[in-house]
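Q: I would like to learn how to read a model of this kind, one feature at a time. Could we begin with a single residue and work outwards from there?

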Amino acid sequence: MNNKKPPKTLVLGIDTGGTYTDGVLLEYNTHRIIATHKCLTTKRDFSIGIENVIKEIELEDPSAIQMVSISTTLATNAIAEGKGKRVALFLIGYDPDLIDSFDMGKRFATPHYYYIDGGHDLHGQEKTPLDLQELLKITKSVKNKVDAIAVSSYFSPRNPDHEIRAQNAIASVCELPIVLGHQLSTSLGSVERATTASLNASLLAVLQEFIIAVRRAMENRGISAPLMVVRGDGTLMNDEFAAQSPVETIHSGPAASAIGGRFLSGEDQALVLDVGGTTTDLALIKNGKVTVSETGASVSGYQTAVKAANLFSIGLGGDSHITLERGYEIAIGPERVVPLAYLAHLHQNVRERLKALAKRGWPSPNPRELEYWFLQREVPASNAFTAREQQVLEILKSGPKPATEVLKSLGLLDPSQIDLSNLWREEITGKSGLTPTDILHVEGKHTPWDEKASQAALSVFSHYLNWEPDKFRRVFWESVAEKITKAVIHFLTEKDIPAKNEPNQALANWFLKNTLLPGHDQLETQIKLTIPLIGIGAPAEVMLEKTAQVFNTKLILPPHYQVANAAGAVAGSVMVTEEILIYPHLSAGNVDVIGYYLQARDGREEIEELEDALNKARKIAGENALSAALRSGADNPQVDIEMIQDGMDSYRIKARAVGKPRLEG
Amino acid sequence: MKMNKVDTEKAYHLLWERITSLELEPGEILDIAALADELGFSQTSIREALRLLIHDHLVEAPPRGLYVAGLKFSDLEKISTVRLNLETLAAQQAARHATKDDLVILQMLCEEIAQDTRELFTLDQRFHQAIAQAAHNNYLADTLQQLYGLSKRLWFLALPYLDFLPSAVKSHVNLVEAIRHQDETLSMEIMQKHIEEFYLKIKDVIQEKELVEKK
């Protein structure tokens, strides 16, 4: 290997979060951060935000960059917003009645799923012959209605023959990309495997376009370095692998944050809390590693077989919308809006209007009047808008307006009377309101923008509640700490937090409340977290202060904690796992063991003696993992092999090749 | 194992499609920067894709500049000669090696009905690719695939003047039957006739309409 260290090994890590896209330029060997840059995430097309970071980050010599690595919520987001491509899913040998009776059809992430005769049994023996004719007939009828095809056959990890034959046949009659279940998952859960294949197929084109755009942006900046993408468990894969298995990027953002937190703090045991603009994500670091979820990652309610970090996310961040619930309770999030301080910073008249509103005597100002709508970008000429959308755009042309005013001029009372989801989704219009960021402005803790606007908004809110602004802030911070505390407890215990007024849970609720706000004369309750909190993200310091107190632990804010997520994108290792199954070949009637099957990803062979089979499996798995790790960009990967007993007389040989990413140069 | 980068691969397919369908005309200058801008790719990926297309004989790289390969009448002769022999070989090998799966696929492709001439060509091509697959010889299949790109340009040139649907489809049906019965001689005969007819028609049209330089 190359031991001669170049003087500076620069790598660029990029993380696209729900609100911001962060970039970090890092010296790889010393972990020294050289430059950082923050841009707004462009949800309509993530690559725009990434291009901006690549374009604008301070960089003397772009050709010195030796790796670019990206963690992205692209896949998660595409699934949540239905932006994935249309998929036809073939279920070979699945039992339609069983699927129906458990109502599992909607778990496949596509309405176009079809049952085909075929499939194998637990021993890898053909259960029913594959009905290729039916498969092709259906392919013919759907090929012009979908963009990709997924195939999952029953017990395909034991014997993928039917999936492979289906692939050959489908490829002969159409040009659609085809995804096979056994290539993505070796676990035997047939529904999760089908869902994983289906989601992967729907994301192929999405990730491909993304990689093309990022590569182009890199070239425009003169960067010619390997491009890596973070997996949901925080490990890295090169762009070729990512383009083939996009489903593995689910949860890559929060995983990268957790790894970044550990990387910058050096803590081997800690709870990482990444406070972003939209959400706060929790992950656990144990023995220096991010803990991985035992069950596969789930996304938008779809349970997959993808390995991902064990994460928990709540809709609370620096830009969460603070509103009134039931007329008198402070609600925070989950909606994200632009802080009023920022909107007023851009638009002078918003500040003036907010100040005037705060002084108005009659009618007394309502917190609803604090919600502003505005044009977020130039209205694209190509879009076809509805008449209503046109009207709203026309009104907003002259500048941001309170939502109440926009609705009034349309003769409406409530936002629910009008559907503007298109304008929000396309990020043509934006929403602004009171946010935690505004509270920080009022408190002077973080004041890049217009604190006068925040002050005015806060006074409107507290006046409406007949509170002093100080009381409002106190209640607000208590509410933030309560939310985060509950999230931490739930994440670590997996116990549900009872609803506030649940009569059967009076003691649990009292305990929680008394711990957060000591109020009993004789009983003091405390909770102790035995590991430190690591705070990540710009608002982490203030948002987590009180939570750390509640848990009687320290809050660690590593250097550059504001962009630790992006540092985490380059801090991970390249990892490839290769599994081989060994299971007995039984004689007719399943009486005697004739030999053992060795089922690798791409083929099956039979070996008479178990010991020989296991040895051969170790050898093949190790070699395959090693070469795959090299192909996916690992430098000097190390292989470890374990054997797991997997039911009667069946074994799983698992080879894991791990290495630091190979840098150019 | 795939050797090409994601973007190169995609750019290659896009450009292949444009060149073989004559959207990019024979002899046209290929400007890498302009193509990168138009298609939204990095210049590197366009350059790499064009390199692959040079290998396919679809792009020419004289000492200076890059061009879409020209089309000459002599090309038609050369291409048809090679294809005639290799397709016939594929038919014979298919009759010998076709599996049950192959027969199901061939049968299905025969039964597909094209809505227009363009689609018919796609179907015809898929049928020939399936025959090549049924021959179970990947070298043969790869070579035929390359010839397909070259052939497609000639066909697109003649397309506006062509009308030869039913007989071609009928020969497909007969060919599948011959393969099913493992009749190698008959399979070869049908294929030979099928390919000869195809090139004869294209040749007539191209000569008659003077669509390419006579060299």
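A: B:L22 counts as partly exposed, because it has 18 C-beta neighbours inside 10 Å; a residue is buried if 20 or more other C-beta atoms lie within 10 Å of its own, exposed if 12 or fewer, and partly exposed in between, with C-beta atoms placed from the backbone. This is a predicted model, in which local features need pLDDT of at least 70 and side-chain atom pairs count only at pLDDT 80 or more, while totals for chains, interfaces and linings use all residues. Residues are numbered from 1 along each chain as its sequence is written, and chains are lettered from A and ligands numbered from 1 in the order in which they are written.

Q: What is the phi of B:L22, and where is its place?

A: Most residues other than glycine have a negative phi, and most peptide bonds are trans. B:L22 has a positive phi of about 65 degrees although it is not a glycine, and it sits in the loop between helix 1 and helix 2 (32–39) of chain B; helices (H or I, at least four residues) and strands (E, at least two) are DSSP runs, numbered from the N terminus. In chain A, A:N287 has a positive phi near 50 degrees and lies in the loop between strand 12 (280–286) and strand 13 (289–290).

Q: Is A:N287 buried or exposed?

A: A:N287 is exposed, because 7 other C-beta atoms lie within 10 Å.

Q: Which peptide bond of A:P334 is cis, and where does A:P334 lie?

A: The cis bond joins A:G333 to A:P334, with omega about 0 degrees, and A:P334 belongs to strand 18 (residues 329–336) of chain A.

Q: What is the order of the strands in the open sheet of four strands?

A: Two strands pair if DSSP finds at least two bridges between them. The order in chain A is 6-5-7-8, with parallel pairing. Strand 6 (112–116) and strand 8 (178–180) of chain A stand at the edges, each with a single partner strand, so one side of each has no neighbour in the sheet.

Q: How many residues of each chain are in contact?

A: Two residues are in contact if their C-beta atoms, placed from the backbone, lie within 7 Å. By that rule, 21 residues of chain B are in contact with 18 residues of chain A. On the side of chain B that touches chain A, the largest share, five residues, comes from helix 5 of chain B.
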